[in-house]
Amino acid sequence: MSDIADILENDIFRASPELLAALLIDHTTSKGDAIHNIFWATSDYEHLGAGYGYNEPILPELITGDNGHVIMPRILKHKDTQSARVRNMAEVFTPSWICNAQNNLVDDAWFGRSNVFNTEYTAEDGTNKWKTNHNKIEFPEGKTWMDYVRDTRLEITCGEAPYIVSRYDTTTGVIIPLNDRIGLLDRKLRVVSENTGTTGEWLNAAREAYKSTYAYEWQGDSLLIARESMLYSFIEYYCAKFGKNPLMKSIMNIAHIISWNVWQMDGLKCVVPGSCKEKVTAITSLFGDTTQTVTPCEGCRTGNMQKHNGKYCLIMDWWAKDPATGSKGKPIRFVDLLGK
């Protein structure tokens with residue numbers, strides 16, 4: 001079972017310290033040269049000492065070197081920790097066969113037919129499985145393979161992102177072979193590999209696939225694992241197609257996209273977790289008496305998602321033109337996509 005913990009921060013750091021830094025960045029709270037990382041947003045690590053508090057940023061030195069096994073997939077966490085996260089954060093991971101069934105429903109609607117990527121079945125022992133369609137995917141009239149690659153996908157409260165990439169079943173730890181993976185991004189990368197010939201064509205299409213795939217998560221450790229899994233999937237699909245690893249500059253480019261598209265957020269408020277605050281106003285009378293007035297966050301008080309005083313999360317619209325720079329790619333508030 002330990003084989004599923006094959007994404008080690010020490011390995012990433014040895015390959016490139018800049019790569020690990022890219023996977024840890026939080027773009028909402030960073031500004032210019034002031035770079036801020038995603039934060040733990042869980043008390044699970046406080047017993048490890050300084051730097052591991054709920055509100056502390058996840059720094060490279062806290063998860064590398066002798067600390068290289070601090071962050072691990074949920075299946076490898078202690079059972080008590082798993083149970084506590086279920087109680088405190090409603091953290092329940094979904095078996096891959098359910099992820100597959102729900103992802104199939106998305107594709108059934110998009111393609112206008114069933115069993116495009118695989119066929120679901122129940123084995124004799126009662127377990128739910130799927131049989132992969134290994135034939136090249138055919139696209140309906142009026143739609144192209146690039147339309148599918150660019151179609152927007154979002155996994156909410158993603159945990160380790162099993163709906164996006166299915167390197168292993170998050171509930172059992174069973175490794176899923178590359179050809180049988182069922183994630184939303186897995187399917188896009190399969191289509192990319194089936195319809196491109198050169199490395200340049202593949203990389204261009206893969207970038208489009210990553211730019212159109214989004215996810216958010218509250219807890220920093222799960223968020224990092226989701227980002228890492230998406231990055232490793234990129235490397236694995238490239239290697240399967242061309243028999244070699246992509247260049248570091250290509251890996252860094254994908255890491256940058258992932259760091260924008262997979263972000264830390266309170267999904268009920270669209271803000272950085274815990275960033276809403278009460279406003280305390282002190283008023284001193286003519287007689288020197290001081291009273292305090294506490295005003296709660298308007299959004300938290302009323303449930304109006306547009307009225308929070310916390311830090312609203314930013315994502316990247318990769319196809320919009322940034323008026324400040326004139327280039328493609330404009331940061332936007334996620335909450336603004338949801339309407340009033």
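**Exposure and aromatic pairs**

Modeller: Aspartate 66 is exposed, its relative accessible area being 84%, where exposed means over 50%, buried under 20% and partly exposed in between, with a 1.4 Å probe and protein chains only. This is a predicted model, in which local features need pLDDT of at least 70 and side-chain atom pairs count only at pLDDT 80 or more, while totals for chains, interfaces and linings use all residues. Residues are numbered from 1 along each chain as its sequence is written, and side-chain values use heavy atoms, leaving out hydrogens and water.

Colleague: How many aromatic pairs does a search of the whole structure find?

Modeller: Rings of Phe, Tyr and Trp (its six-membered ring) pair if their centres lie within 6.5 Å, and planes under 30 degrees apart count as stacked, over 60 as edge-to-face and the rest as tilted. With that criterion, the search of the whole structure gives a total of 19.

Colleague: Is phenylalanine 117 buried or exposed?

Modeller: Phenylalanine 117 pairs edge-to-face with phenylalanine 111, at 6.1 Å centre to centre and 80° between the planes. Phenylalanine 111 has a relative accessible area of 5% and is therefore buried. For phenylalanine 117 the relative accessible area is 4%, so this residue is buried.

Colleague: Which residue lies over the face of tryptophan 110?

Modeller: Tryptophan 110 belongs to one aromatic cluster with Phe111, Phe117, Phe139 and Tyr148. A charge sits over a ring if NZ of Lys or CZ of Arg is within 6 Å of the ring centre and within 35 degrees of the ring normal. Here, at 4.2 Å from the ring centre, the residue is lysine 143.
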